[in-house]
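Please keep the sequence and the structure in view while reading.

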Amino acid sequence: MSTKPLRLLVLLCSTRPGALGPVIGQWLIDAITPCAAELGVELVPVVLADLDLPFLDEEEHPSSGIYRQEHTRRWSSIVDTADGFIVVTPEYNYGMPATLKNALDYLGREWAWKPIGFVSYGNTSAGTRSVQHAKQVVTTLRLVPLGATVAIRISDAVDDGRLRPDAARDAAGLGLLDELVRVSHALRPMRERAGAGTVAGPVPGSYARRLTPDDAPEVTVLQRCCWVEEAVVNDTLAIPALHESLEQVREWLADQHTTGVWLDGRLLGMVRTRRAGTDWHVGRLAVVPDLRGHGLGRWLLRTAEAAADPDIRRIILFTGSNSQRNINLYQSEGYELVPSTSTDGTALLTKDASADRFDAATMRAAH
């Protein structure tokens, strides 16, 4: 399971003056916030009335992602950064409020592969018919509705506009949060694969994207499992990748462009690049041990090369002087071993970055 924190939106749907929705929304947030903090979850209340969304007024279909209205772009940004949703909704005439339907209809890809849970309230059915109506719509948007729900019958739960204390209701709210978190983590690879900035990876079903500081735990694990062999071959433990703290990994992930390849939530490999004058430095090329020999390292190396700016003259990389398998790979890709009198146990390899040595334009077009 991913170690990244989750951002969950609590959508308060009723816009009717004096509605019970804010009271129920506040109960929910109070009931689940302590547990959410323990799970590393950020709860973000969103009042649909405050968004000031008119009835859908975009010319293009939401699937296009072309938004001309500022309120649409604002709503898109809010939803896009979320990992899941809890909807607090009344039931109006056997259905969900128009505010919720309208908010859903505005967007397309921003909803995809995210879980959605419901807290409903009403009289005869405790709002459950509103939830059933909403589920027909959200599944079309590739949202994943939960089995866990909270249904509040107003006549049984409310006195003078206040909710009576109810341990069972509190437990149901926590159950909803627990299921939402588990499903959100499970769906994260689906969200990332469909996200902006991702490309198909070299392993069937894999995808590649830029790594961020949030990926530091996975990167740290990858480094530990990949550089132990380097330490043995070169008879040294003085390898930074084996000793860096999580905070140190976060720092360089923020500063250097690092590409990672993922499959089903697992980081399979990575490579980082940085510019120094007219040199392009390639480093931290790593592939999980069980997938070596399948072309993943070569794909990452070529991806790093293709990212070089047009005026780069030389590509530089280092490896252990006794890491013959690494050296063989680099030499097969056109790198030359530079004679060195260094005593730090590293080997320097360089490559001419001219267009006739590797087709950067083709690689960029492929991505």
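Helices (H or I, at least four residues) and strands (E, at least two) are DSSP runs, numbered from the N terminus. In that numbering, Tyr94 lies in the loop between β3 and α4. The model is a predicted one, and the points below are grouped by topic.

**The chain as a whole**
- The chain contains 13 helices and 15 strands.
- Along the principal axes, its C-alpha atoms fill a box of roughly 85 × 45 × 30 Å.
- Of the 367 residues in the chain, 49% are buried.
- The accessible surface of the chain comes to about 17,800 Å², and carbon and sulfur atoms account for 53% of that surface.
- Considering contacts between residues at least 6 apart in sequence, 71% join residues at least 24 apart.

**The five-stranded sheet**
- Five strands form an open sheet with parallel pairing, in the order β2-β1-β3-β4-β5.
- The edges are taken by β2 (41-47) and β5 (144-153); each has a single partner strand, so one side of each is left without a neighbour in the sheet.
- On average, neighbouring strands of this sheet are turned by 20° against each other, direction ignored.
- Six bridges join strand β3 (residues 84-90) to strand β4 (residues 115-122) in the parallel sense, and Val88 stands opposite Val119 in β4.
- Helix α5 (residues 128-140) lies across β3, β4 and β5 and runs at about 155° to β4.

- In soluble globular proteins, nonpolar side chains tend to be buried together.
- The largest nonpolar core of this chain has 45 residues, and those with the most contacts inside it are Val219, Trp227, Met270, Val282, Leu300 and Tyr330.
- Helix α8 (residues 216-234) gives the most to this core, contributing six residues.
- A second, separate core has 29 residues, including Leu51, Ile116, Ala134 and Val137.
- Leaving aside residues up to four places away in sequence, Trp227 touches Ile239, Ala241, Leu242, Met270, Arg284, Leu285 and Ala286.

- Asn93 is found in the loop between β3 and α4 (98-105).
- Although Asn93 is not a glycine, its phi is positive, at about 55°.
- Tyr94, in the loop between β3 and α4, is likewise a residue other than glycine with a positive phi, near 70°.
- Asn93 has a relative accessible area of 78% and is therefore exposed; Tyr94 is exposed as well, with a relative accessible area of 58%.

Key: Residues numbered from 1 in each chain as written. Predicted model: local features only at pLDDT ≥ 70, side-chain atom pairs only at ≥ 80, totals over all residues. Heavy atoms only, no water. Pairing = 2+ DSSP bridges. Axes fitted to C-alpha atoms, helices over the stretch in contact; angles between N-to-C directions. Contact = heavy atoms within 4.5 Å. Core = buried A, V, L, I, M, F, W, Y, C linked by side-chain atoms within 4.5 Å. Buried < 20%, exposed > 50% of the residue type's maximum accessible area, 1.4 Å probe, protein only. Areas by Shrake-Rupley, 256 points an atom, 1.4 Å probe, with all protein chains shown as cover.
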